[in-house]
Amino acid sequence: MSKLVRLSLSIEQPLFEQLEALVDKGGYTNRSEFVRNLIRNRLVEEEWEGDAEALGTISLLFDHHARGLAARLTHKQHHFAGKVLATTHIHLDEHLCSEMIMVRGQAEDIKQLADQLDREKGVLHAKLAIGSIGKRLS
Ligand code: NI
């Protein structure tokens, strides 16, 4: 673990009260843990803005009766062979399926895959959760 550095900062009273409420609502044990999380989340956003190597999870919801859709979704993922780490398929009911696709690669490539899957006819919802391979976060 890295050496700890203490810091103090000045913010307006209403903002401080909002900070305290967020720390409390988030169930953080202290302000430091909350601020660490804020910084790490910002660093991950920067990794994505800068097209760094990243980890992403794409969640899809689709109707498997849509003609040829399952094959098209698989076909798109094969274009990212070696980058798609795992795909989990869940049969939600008679019609609907969900897939969680974990991808490691350049941020722009992952976004492109998520966009391509989202545009497929029959996909009802697609959402990319941005993650990190953690090089800058410790
Ligand atoms: Ni299914």
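Glutamate 108 and lysine 111 both sit in helix 4 (residues 107-119), three residues apart, about one turn of the helix. Salt bridges that share partners join Arg42, Glu45 and Glu49 into one network. The model is predicted.

Glutamate 108 has 39% relative accessibility, so it counts as partly exposed. Lysine 111, at 29% relative accessibility, also counts as partly exposed. An α-helix has 3.6 residues a turn, so residues three or four places apart point the same way.

## Salt bridges in helix 2

The structure holds eleven salt bridges. One of them links arginine 36 and glutamate 33, whose closest N and O atoms are 2.8 Å apart. Both residues, arginine 36 and glutamate 33, lie in helix 2, three residues apart, about one turn of the helix. Arginine 36 has a relative accessible area of 29% and is therefore partly exposed. Glutamate 33 counts as partly exposed because its relative accessibility is 28%.

Helix 2 also holds glutamate 45 and arginine 42, three residues apart, about one turn of the helix. Their side chains meet in a salt bridge of 3.0 Å, N to O. Glutamate 45 is partly exposed, with a relative accessible area of 37%. For arginine 42 the relative accessible area is 36%, so this residue is partly exposed. Side chains of opposite charge can pair when their charged atoms come close.

## The largest pocket

The largest pocket has a volume of about 1,100 Å³. Its lining comprises 26 residues, and the closest to the pocket centre are Val5, Leu7, Ser32, Val35 and Arg36. Arg36 is the salt-bridge partner of glutamate 33.

Which helix gives the largest share of the lining of the largest pocket? Helix 2 does, with eight residues. Helix 1 (13-25) and helix 2 (31-49) each supply at least two residues of this lining. By class, the lining has 14 nonpolar, six polar and six charged residues.

## Nickel site

Which residues coordinate the nickel ion? The donors are His89 (NE2), His91 (ND1) and Cys97 (SG), at 2.0 to 2.3 Å. Along the chain, they follow the spacing H-x1-H-x5-C.

Is cysteine 97 buried or exposed? Cysteine 97 has 2% relative accessibility; buried means under 20%, so cysteine 97 counts as buried. Histidine 89, at 35% relative accessibility, counts as partly exposed.

## Backbone geometry

Helix 1 has 13 residues. At 1.5 Å a residue, helix 1 should span 18 Å. The end C-alpha atoms of helix 1 are 18 Å apart, which agrees. Glycine 27 follows helix 1, and its phi is positive, near 75 degrees.

Aspartate 51 has a positive phi of about 60 degrees, although it is not a glycine. Where is aspartate 51 placed? Aspartate 51 is in the loop between helix 2 and strand 1 (53-63). With 28% relative accessibility, aspartate 51 counts as partly exposed.

Note on methods
Residues are numbered from 1 along each chain as its sequence is written. This is a predicted model: local features need pLDDT of at least 70, side-chain atom pairs count only at pLDDT 80 or more; totals for chains, interfaces and linings use all residues. Side-chain values use heavy atoms; hydrogens and water are left out. On a 1 Å grid over the protein atoms alone, a cavity is a set of points where a 1.4 Å probe fits but cannot get out, and a pocket is an open set with protein on both sides within 12 Å along at least five of seven lines; lining residues have an atom within 4 Å of a point. Grid points are joined across faces, edges and corners, and a volume is the space filled by probe spheres set on the points. Helices (H or I, at least four residues) and strands (E, at least two) are DSSP runs, numbered from the N terminus. Ala, Val, Leu, Ile, Met, Phe, Trp, Tyr, Cys and Pro count as nonpolar, Asp, Glu, Lys and Arg as charged, and the others, Gly among them, as polar. Donors are N, O and S atoms within 2.8 Å of the metal (3.2 Å for Na, K and Ca); water is not among the atoms, so sites may look incomplete. Buried means under 20% relative accessible area, exposed over 50%, partly exposed in between (1.4 Å probe, protein chains only). The expected span of a helix is 1.5 Å times one less than its number of residues. A salt bridge is a side-chain nitrogen of Lys or Arg within 4 Å of a carboxyl oxygen of Asp or Glu.
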